[in-house]
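Hello,

Here is the structure I promised to pass on. My notes on what turned up follow below it.

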Amino acid sequence: MAQDTMLEEFKKAYMELMKEDARKSFIVHLAVYILVNIMLAIVNLVYTPETIWFHYPLIGWGIGVTMHYLFGVRWIEKEIIKDFARAEYMMRKARIEKKEATEGTGS
C-alpha cells in the first residue's frame with residue numbers, strides 16, 4: 001500500500017514538473033514571437049511603408065504560438081496521464097512476459 005502512495009506522489013510531482021517546464025517553454029516562445037514581430041513591423045514600416053506585409057508572419061506564427069499554448073500548456077495534463085497509462089501498461093506487460101518466461105524455464 002505504501003508503494004502505491006509513493007507512486008501517486010511521484011506522478012503528482014512529475015506532472016507538476018512537466019507543467020512548469022511547459023509553461024516556461026511557452027513563455028520563451030511567446031517572448032520571442034513578440035520581439036521578432038515588433039522588429040518585423042519596424043522593418044516593414046521603415047523600409048517598405050507602402051506595402052504592409054508584417055501581419056503575415058504575425059498571423060502565421062501566432063497560430064503556432066496558439067497551438068503551443070493549447071497543446072503544450074492547456075491540455076498537457078491529458079497527455080501526461082496518457083503517457084502514465086502507456087508506461088503502466090508496458091510495465092505490466094513486461095512483468096507478465098517475465099513471469100511466463102520464468103515459469104517456462106522452471107518446468
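**Core, helix and pocket**

I80 touches Y14, M15 and M18, leaving aside residues up to four places away in sequence; contact here means heavy atoms within 4.5 Å. Before going further, please keep in mind that this is a predicted model, where local features need pLDDT of at least 70, side-chain atom pairs count only at pLDDT 80 or more, and totals for chains, interfaces and linings use all residues. Residues are numbered from 1 along each chain as its sequence is written, and side-chain values use heavy atoms, with hydrogens and water left out.

I80 also belongs to the largest nonpolar core, 5 residues in all, together with M15, A22, I76 and F84. Such a core is a set of buried Ala, Val, Leu, Ile, Met, Phe, Trp, Tyr and Cys residues joined through side-chain atoms within 4.5 Å. Buried means under 20% relative accessible area, exposed over 50% and partly exposed in between (1.4 Å probe, protein chains only). Two elements, α1 and α3, each give two or more residues to this core, and α3 gives the most, with 3. Helices are DSSP runs (H or I, at least four residues), numbered from the N terminus.

Next, α1 itself. Its 46 residues should span 68 Å at 1.5 Å a residue, which agrees with the 67 Å between its end C-alpha atoms; the expected span is 1.5 Å times one less than the number of residues. Among the buried residues of α1 are M15, A22, F26 and Y33, along with K11 and K19.

K11 is a residue to look at. With a relative accessible area of 15%, K11 counts as buried, and K11 touches F84 and E88, again not counting residues up to four places away in sequence. V43, also in α1, is partly exposed because its relative accessibility is 33%.

Finally, the largest pocket has a volume of about 270 Å³ and is lined by Q3, D4, M6, L7, F10, K11, E88, M91, R92 and R95. α1 gives the most to this lining, with 6 residues. By class, the lining has 4 nonpolar, 1 polar and 5 charged residues. A pocket is an open set of points on a 1 Å grid over the protein atoms alone, where a 1.4 Å probe fits, with protein on both sides within 12 Å along at least five of seven lines; lining residues have an atom within 4 Å of a point. The volume is the space filled by probe spheres set on the points.

Best wishes

Conventions:
Ala, Val, Leu, Ile, Met, Phe, Trp, Tyr, Cys and Pro count as nonpolar, Asp, Glu, Lys and Arg as charged, and the others, Gly among them, as polar.
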